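Hi there,

Here is the structure I promised to pass on to you. Have a look at it first, and then read on for what turned up in it.

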Amino acid sequence: MSSLHRCACKRTFNTPAALKTHRARCMDHKTMMKGSSAAPASSTANPPVVPAVQPLHVPVPSSSSNRLKPSGPTFQLSRQGSSIPQTFHDIVPPAPPLDEFSNPGHGTSASDPSSEHKTPSNKFGVFRVYQSIPTFNPDADFNPHTLYNNPSFEPSDSIPEPDSETLPPPPGPFPNPSNPPASTLPDSPYPNRTIDLIMSWFYTASNTKSLSDLNILVHNVLLSDEFKKGDLEGFDAGKIAQMLDNITSTKEPLKDGWKRAPIALPLPFPKNKVASEDDAPVHVVEDLFYRKLTDVITSAYAEPSASELHSLPFEEYWSPGPNTPPERIYSELYNSDALIKEQDLIHQLHRSSSPHETVVMPIMLWSDSTMLAKFGDASLWPAYLFNGYQSKYSRAKPTSYAAHHIAYIPKLDDAIHDSYRRHFNSKPSPEVLTHLRRELMQAVWGLLLDDDFLKAYKDGIDILFPDGVYRRVFPRFFTYSADYPEKVLLTCIKFLGNHPCTRCSIHKDHIHELGTIRDQKRRLQTKGRTNNAERQALINTVRRLIFVNGYSVNSKAVTNLLEPYSWTPTRNAFGDRLGLDFYKIFVVDLLHEFELGVWKATFIHLLRILFVAGPDLLQVLNSRYRLIPAFGRAIRRFSSNASAMKQLAARDFEDLLQCIIPVFEGLLEAKHDAVISSLLFELATWHSLAKLRLHTESTVKALEASTTRLGTALRKFKTVTCAEFRTVDLPTKEAARARRRKTTNPTKATTTAGPKDRKFNLSTYKLHALGDYPTMIRLYGPTDGYSTQTGELEHRRCKHFYPRVHKGKKHYVLGVAKQIPRQRRLHNLGKTAGIQMARANKKQKVNSKRRKALADERLLPSRASEHYQIPEETRNTVPIGRFLSENSSDPALKNFLPRLKDHILGRLLNQRYDGDDNPFSSAQRAQVLFRNHTMFEHKTLQVNYTTYDMRREQDTLNPRTNPNIMVLSPDDQEHPYWYAKIIGIYHVLVVHHSLQPEPKLMHFPWVRWYGMEPSKHYKYGWKAQKLPRIGFVDDSSATGNTPHSSDTSDSDSSTNEDLSSPAFGFIDPANVIRAVHLIPAFHHGHTKGLLGASDLARQPEEEDSDWNFFYVNIFADRDMMMRFRGGGVGHLSTRAATNWFLSDRPKGETCGNDQDGKGMDIDLESGDSSSESGSEAGSDVQSGQEEMSESGGGDKSEVNLEVDSEDEVDDIASSDEEQDYGYRTVSGDEWEDESEDELVDHDQDDLPVDIFEHLGFSGY
């Protein structure tokens, strides 16, 4: 057995010569030798010998217990001398780009569309291009609050309070919302103000009254100066609600009332022949509740929110710099290609015939069935209408009331069986019931698309806009968002047929070729579905066979005609009534297709692999997930077993994906771990790109390239990893199946056949749909604008009112239909009159395990224009002298006071890069005084920042729950960011006799620094498909010895040498960019060698140990991903840092603003060859290897899947090429002497690294 030689610093070497070279400059070894100078010479004659261990980072493949053994580092992370980050200048999002022609309210006519009208660029380099001059632009009255994502921002931030005499008149017919009379509100149906307040509270409060609702009732209603007890005499809630139903506008009645209508369905039956379809027996479905679309459109422009609607589309561009070409931006439906094209068409057709300006109303539709209660069968099938000219940031919020309920679609009830028994003396077959459900959906839309709407669709409808000008509005359908079962009903295709796609006619046997050239060709218009005359004639022929000739709906003759395109014998209302090519309006659905589709299926199969690979692997995965900290509103805590997947929503599966890479590391053998790691990284990449709220042409091309790599990774996963495991259903699934069998056949004996085999399926519609996302983004804007999540959120409104209505089967739909308009009208009245029933902020919980429970602090609404906010309260006093003496044994306090004074002096002198590099002298420190020698501690630090999509967001930093931050590294560092963990948040009152004679309040977080693992050990990035890996900086007191008294005493006499390269420090909160989400590197285990026992630097549950490494979760949210990818429009303040990542691009993606390429600039020859090979595993594996190497998954020389991609494939940089990102391990010459004898052996034939490798990225 080979021997390893270990030094006192715990580093291990293969040969005594390497150990001797290392010990010549090892401080730990020299300290040990000084302490043992009296020992016999023989005791140190030979170096210690330890048993051989496996190479670093290479798990043992023999058993699961060996694979789970942590593999810690054989080096220590430390930072270079400086701990002063680069100065960060926060930039608040500017107003949208406007020009002098954007002057709404004057009624000027649109100019000639043949000429373009370009606005000047704003501060971020964004400008617009209009085809004609907009006469009504809501951005002209820009309110900065519309750019605030966080609810804690002040609503009136950055908006000066105008004098009452200079208030501009309100737009359009709406009343002035200044101060309505106390007796009643303008246009209010109620007799007095008291009832206004009571009813507003009633319709905004929850069904199950909470203490928060009680607070709102007391403070906003009962304690209001306008509340009068006498106004409630004779109060009757039923009569008051009817008053709200009869409300009318000051101009004209709003015809937005609900109507009830029956739906007649012709009944097919085998061998039942009639002269024509009109003569067939019918079944009447009662109680369709709907609203006329023309009334909905008219009322939508009469609401106060109409002032937020745009009137013309435009193109938006971004110029990153003076020498770079502008790049197209896709952010809303009203700057998408589809709306621009339709507006130009309408303007050309009706330019001369219309006396008013022609405007398109882009209609966006949602529909989905939902259960109204947890128990019972009460359900509702609502259809919603949205105006695409309203910004998605407002439209997607249920509190904006942007959703117009247009219909509650009835379901085919059990009365259909009575109709068949009455007409045919038989029961309907399952195929007939399916056919009638399709007919019902189309009949509902045929009724909604009535003659009035057809006239408006053809000739337009004149509507008064908020600026007092009439415009001719042409309603047009642009998007219809629905899940797959509803899409097949609406597009009249067979559910999960051989051609399952609603947009193209691809066969399901070709779906697995996602991302190849052949797959792209199939998506072209030649294979796309169209509502042409051929299809309509075929459907008419099939329906004559069914009704006139008496054929069954599933007869062979009918099937043979429809099967080539998986059509169904159903006419489409959109095609027949409007002549619309309806296939194009059914957009992609990220929530169901990816989060609850492709990713959920992949995650379940990964769990199956773990289940059969080792009995304890699922529990290890569960425990790792539970150890992942929460991250703001983006990632919640995993409190239950992730593998059980009990009652998980789409956002829960999103959280699982964002955190799974460190969780899955090392659970399987090396070759499978490498394949799965690349797959998970690409899944997270694709998801982050597809869910961006603002796209540029570069990010759309990146999504196209990621789709190609994802298809390759999925095929490689199936052929390499899935083929080696016989996967079966998980125990929970098998138990559920057994319960269903027992319920269905209670008398049948239970079978013991065992779990059902399960294989990884790549022939699903949801996988195929991923290839359509780039096209949809260019046509209709980012996916969040038409996500089904918007409709799912609106469902909550219907569920909210269900407990308040009659529960009879024929009554609850009508009850909900009445309550929805009431709430909407009260919202509009309250918005006009300024009534707001706001909920109180929740109090923060105090952690009893903390060394000292801090007193509660009052957090006022923060100003978005400020970069950070720390309460200035002085409740939590920390006398510095007592603090140092009580914690004198804590290693975190070493040189605390000298470093604090150095930090304060550096800020007073405005020094950017001095501080810890050139510490100040004791005499200089003595001039810094703290009033009463006291610090004041705080619970939270709120950091405001501008996101990539030019919005204002906030992170709340807490030393206990959310302590990790990112700052800019100095200019001469390679990696653009530094990372730190906040230990405490303080402020002091500083006095300096010359620099600051008067006391000055200065905030400072006390932090523990992280260091980044050098590139010679670990390569990360988009090419390497690995997360950045960091770890705590080693402290000189890590041996556990008690620091000298001078280190933590109330003294600043420490030498400058003692202050170099500290593990702890202080930072200016103004330099904090934002919070960062760190996930422990579970596979690499814990260590107690970085820092001694510390109650200050660690939480009680950490038990005086640290994780060896942490992974920076670049997928925590979309803004974080863009900060590590580059190209974020709103990241102006960190442009140099984010541009650093632009060179790290897998092959096929553009670096910067390449506008010349069209489509996907990717070499797909190997991908196409994999599709040619069909199901042959050998050729598919070969093509997978080639495609992965081309897309950045590994080195070109990688042909053996048995090697470990982390240590045996990555090239190792020589000492003169090593770049350490501003963090160092040991000196360069030491690496030169020891690189060949270290515990990690490397291939001597490795090629020299290129520019990307020595920056920390692997080659491709």
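In this predicted model, helix H11 has a set of buried residues: Val432, Leu433, His435, Leu436, Arg438, Glu439, Leu440, Met441, Gln442, Val444, Trp445 and Leu448. An α-helix has 3.6 residues a turn, so residues three or four places apart point the same way. Helix H11 itself covers residues 430-448, which makes 19 residues. From its first C-alpha to its last it reaches 28 Å, close to the 27 Å expected at 1.5 Å a residue.

Now to the strands. Strands of a sheet pair through backbone hydrogen bonds, either parallel or antiparallel.

Which strands make up the open sheet of three? The order is S19-S23-S24, and the pairing is antiparallel. Strand S19 (868-869) and strand S24 (952-957) are the edge strands, each pairing on one side only. Strand S23 (residues 941-946) is joined to S24 by six bridges in the antiparallel sense, and there you can find valine 943 opposite aspartate 955 of S24.

Further along, look for strand S28 (residues 1029-1032). Three bridges pair S28 with strand S27 (residues 996-1012), again in the antiparallel sense. Here glycine 1011 faces glycine 1031 in S28. S28 also runs antiparallel to strand S34 (residues 1110-1112), with two bridges between them. In that pairing, arginine 1029 stands opposite tyrosine 1111 of S34.

Enjoy exploring!

Best wishes

Terms used:
Residues numbered from 1 in each chain as written. Predicted model: local features only at pLDDT ≥ 70, side-chain atom pairs only at ≥ 80, totals over all residues. Heavy atoms only, no water. Pairing = 2+ DSSP bridges. Helix = DSSP H or I, 4+ residues; strand = E, 2+ residues; numbered from the N terminus. Expected span 1.5 Å × (residues − 1). Buried < 20%, exposed > 50% of the residue type's maximum accessible area, 1.4 Å probe, protein only.
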